[in-house]
Amino acid sequence: MQITEIYKSLQGESTYTGLPCVFVRLTGCNLRCSWCDTEYSFYGGKRMTPEQVLAEIEGLSSRGGLVEITGGEPMLQERDLVPLMQRLLDLGYKVLLETSGERPLERVPVGVVKIVDVKCPGSEEGDTFYVENLEILTSRDEVKFVIADRFDYEFARDFTIMHDLAVRVNAVLFSPAFSKEAAGARDASNCLLDPQELAEWMLQDNVPARLSLQIHKLIWDPAMKGV
Ligand code: SF4
């Protein structure tokens, strides 16, 4: 497997926010989102066997802990990743998979929590979501929209309602996009969309979603890697 980094931090997003978590960042992505904050994962990385990845996870967290598989786009390494995720589940880990949902998700093991980042138009990768994946989502899973402006918000709101997402999944997350040049200030000034504005829109429309802030960017310098 091609791995950019493995590290332990606090989970910064989703309904697992705030929990200790081991992150396994796989190298490579087939998308190029305009606000991507992990461009360093597009290339390079280190070649590791699934056994080596597993050993590193076990060195950072005892069984029963939380592990997030992220990228890049992890499903590009589906052949090795699927058995690794099953192994982690068998060992008692709680496994989260962060994916754009551009690749089919039908082979993801039952028990893995899929956190699917449906791309809004402002990402410049809109229309990449593989719509058939909606049928694969379960009440364990979460759907996230990273929102840069009003146009993105309306897309996320309409998509949520049209596909009845709040009924299909555990949580629908609306998250203000962060500037990829963000550094220094650990506050909302680095958001491309003011969280207050997003919160007000959500309240006005009574949208069945939860506001999600990337807390790791409020705890540490937003430019810091490995947190
Ligand atoms: S899918 Fe994720 S890793 Fe890939 S470009 Fe978009 S934000 Fe970056």
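Predicted model: local features only at pLDDT ≥ 70, side-chain atom pairs only at ≥ 80, totals over all residues.
Hi everyone. Let me start with one term: I call a residue buried when its relative accessible area is under 20%, and exposed when that value is over 50%.

First, helix α1, which covers residues 50–60. Which of its residues are buried? They are V53, L54 and I57. Those three span an arc of only 100 degrees around the axis, which puts them on the same side of α1. As a reminder, an α-helix has 3.6 residues a turn, so residues three or four places apart point the same way. On the face turned away from that buried side, you'll find the exposed residues E51 and G59.

And what do the buried residues of α1 pack against? Their partners are β1 (2–10), β2 (20–26), β4 (66–70) and the helix α2 (78–90). Helix α1 as a whole lies across β1, β2, β3 and β4, and runs at about 15 degrees to β1.

That brings us to the sheet. It is open, has 9 strands with mixed pairing, and reads β3-β1-β2-β4-β5-β6-β7-β8-β9 in order. At the edges sit β3 (46–47) and β9 (210–211), each pairing on one side only. If you look at β6 (residues 113–117) and β7 (residues 142–147), they run parallel and are joined by 3 bridges.

Keep α3 in view for the next part.

The structure holds 9 aromatic pairs. Take F129 and F159: their ring centres are 5.9 Å apart and their planes stand at 80 degrees, so this pair is edge-to-face. F129 is in the loop between β6 and β7 while F159 is in helix α3, so the pair ties together parts that are 30 residues apart in sequence.

Another edge-to-face pair is Y153 with F174, at 6.1 Å centre to centre and 80 degrees between the planes. Here Y153 belongs to helix α3 and F174 to strand β8, so parts 21 residues apart in sequence are tied together. Y153 has a relative accessible area of 0%, and F174 is likewise buried at 0%. Zooming out, ring pairs link F129, F145, Y153, F155, F159, F174 and W201 into a cluster.

R32 lies over the face of F42, at 3.8 Å from the ring centre.

Last, the backbone. Most residues other than glycine have a negative phi, and most peptide bonds are trans. Where does this model depart from that? The peptide bond from G71 to G72 is cis, with omega near 10 degrees, and G72 is in the loop between β4 and α2. S14, in the loop between β1 and β2, has a positive phi near 75 degrees, and S14 counts as buried at 8% relative accessibility. D127 also has a positive phi, about 65 degrees, and is found in the loop between β6 and β7. D127 is exposed, with a relative accessible area of 80%.

Note on methods
Residues numbered from 1 in each chain as written. Heavy atoms only, no water. Buried < 20%, exposed > 50% of the residue type's maximum accessible area, 1.4 Å probe, protein only. Helix = DSSP H or I, 4+ residues; strand = E, 2+ residues; numbered from the N terminus. Arc of directions from axis to C-beta. Contact = heavy atoms within 4.5 Å. Pairing = 2+ DSSP bridges. Axes fitted to C-alpha atoms, helices over the stretch in contact; angles between N-to-C directions. Phe/Tyr/Trp six-rings, centres within 6.5 Å; stacked < 30°, edge-to-face > 60°. Lys NZ or Arg CZ within 6 Å of the ring centre and 35° of its normal.
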